[in-house]
Amino acid sequence: MDERLLIGALKGGKNTKIISLNKKKMTKMPSALEKLPGLKTLDLQNNLIPKVCPEISTLTQLTVLNMGNNLLEEVPEEMKYLTSLKALHLFGNRICRFATGACDGLQNLILLNLNKNRLTQLPQEVNRLKSLTCLSINYNQLTSIPRELCFLENLSELHFNYNQLICIPEEIKFLKKLQKLFLARNNMEGLPEGICDLKKLRILDIAGNNVQIFPPRFQDLKLREFYCEDNPLFLKQPFTAKQQEDVWSLKEITSRFVMNQLAAKNTFLMHAVEQYPEVRNIISEGKNCAICGKFFLTIWLECVQFVPPSKNWKISQNLQLVPLRILLCSYKCFNRRNPNVFGISQE
């Protein structure tokens, strides 16, 4: 890289506060940065830099570092020396890992932008970013979120759109200051009950997942915006309970077994039932649970309860739910699934 680009900045010495070398086709960081100890903002985005130079460790007063759209393959260890850093932009690189110790000195970091990289996991060391308020890791390959992240008590925004998340940890309930949570276009099948403890949560986006049901107390969230389109949300009309019992009868147990085996194409039972008209009449009255799909004869508990969401919720305009209802299923189905879950009905 032609370091003549820094001549003007070097003349300023300790008084130079901002350097922008955006789109300069740089292939390495200028080592002359060590002569600018008073630098506050360094913009090196849209270049061809594969790694940071050791001299960056002298920039202890740096508060903003933008190295977006370069060729970095890791969050470098040298970051730990930038003890005054408040905003770190590393979007659009090839980052697939954090170097050991990279988070150690980032006690004042408020914003971390890692969008459009190749991360498959986050290290437990992220719990050292004590001041972090906004973490954005959209368009990566994360399959999970470390529980340690949920103990960063200052977090107010989390962006995990377009990853491969299967679930989020129950410990998310400890993020008491969280206001915005973006989880669109992942592989999640549900949300933890702990999310209902986020009293300050105002925006929740789970569009494009595999969510069918929601946890209890979900309707109590004080959301202003809620996006849940493109999920296989609860579609069937549930049954209403007519009785409540503690113990199944032998008839109920047998009927459930036979009906579920017939649904599984058990050829032995299929032939055997043909010989017993009374059995055929009994199982002809069977129903299947709209949530788990298992068959039953008698509804033993109150099966569902529809609860309207808050009128303050702004729902996705392209979500065809009229009206939107939250479903509580407490049906004690044959495989004993969790009875306390919510779903959404599209009627």
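**Close-up views of cavities and cores**

**View 1. Two cavities turn up in this predicted model.** The count is 2 cavities of 30 Å³ or more. A cavity here is a set of points, on a 1 Å grid over the protein atoms alone, where a 1.4 Å probe fits but cannot get out; its volume is the space filled by probe spheres set on those points, which are joined across faces, edges and corners. Residues are numbered from 1 along each chain as its sequence is written. Local features need pLDDT of at least 70, side-chain atom pairs count only at pLDDT 80 or more, totals for chains, interfaces and linings use all residues, and side-chain values use heavy atoms, without hydrogens or water.

**View 2. The largest cavity holds about 50 Å³ of space.** Look for its lining residues (an atom within 4 Å of a point), among them Ile-145, Cys-150, Phe-160 and Pro-169.

**View 3. The second largest cavity has a volume of about 40 Å³.** Its lining includes Phe-98, Val-126, Ile-137 and Leu-149.

**View 4. The largest nonpolar core has 71 residues.** Such a core joins buried Ala, Val, Leu, Ile, Met, Phe, Trp, Tyr and Cys residues through side-chain atoms within 4.5 Å, buried meaning under 20% relative accessible area (1.4 Å probe, protein chains only). Residues with the most contacts inside this core include Met-29, Leu-42 and Phe-160. A second, separate core of 5 residues includes Val-258, Met-259, Val-273 and Leu-297.

**View 5. Here are the surroundings of Leu-42.** Neighbours within four places in sequence aside, Leu-42 is in contact (heavy atoms within 4.5 Å) with Ile-19, Met-29, Leu-33, Leu-59, Leu-62, Val-64, Leu-65 and Asn-66.

Definitions and conventions: On a 1 Å grid over the protein atoms alone, a cavity is a set of points where a 1.4 Å probe fits but cannot get out, and a pocket is an open set with protein on both sides within 12 Å along at least five of seven lines; lining residues have an atom within 4 Å of a point. Buried means under 20% relative accessible area, exposed over 50%, partly exposed in between (1.4 Å probe, protein chains only).
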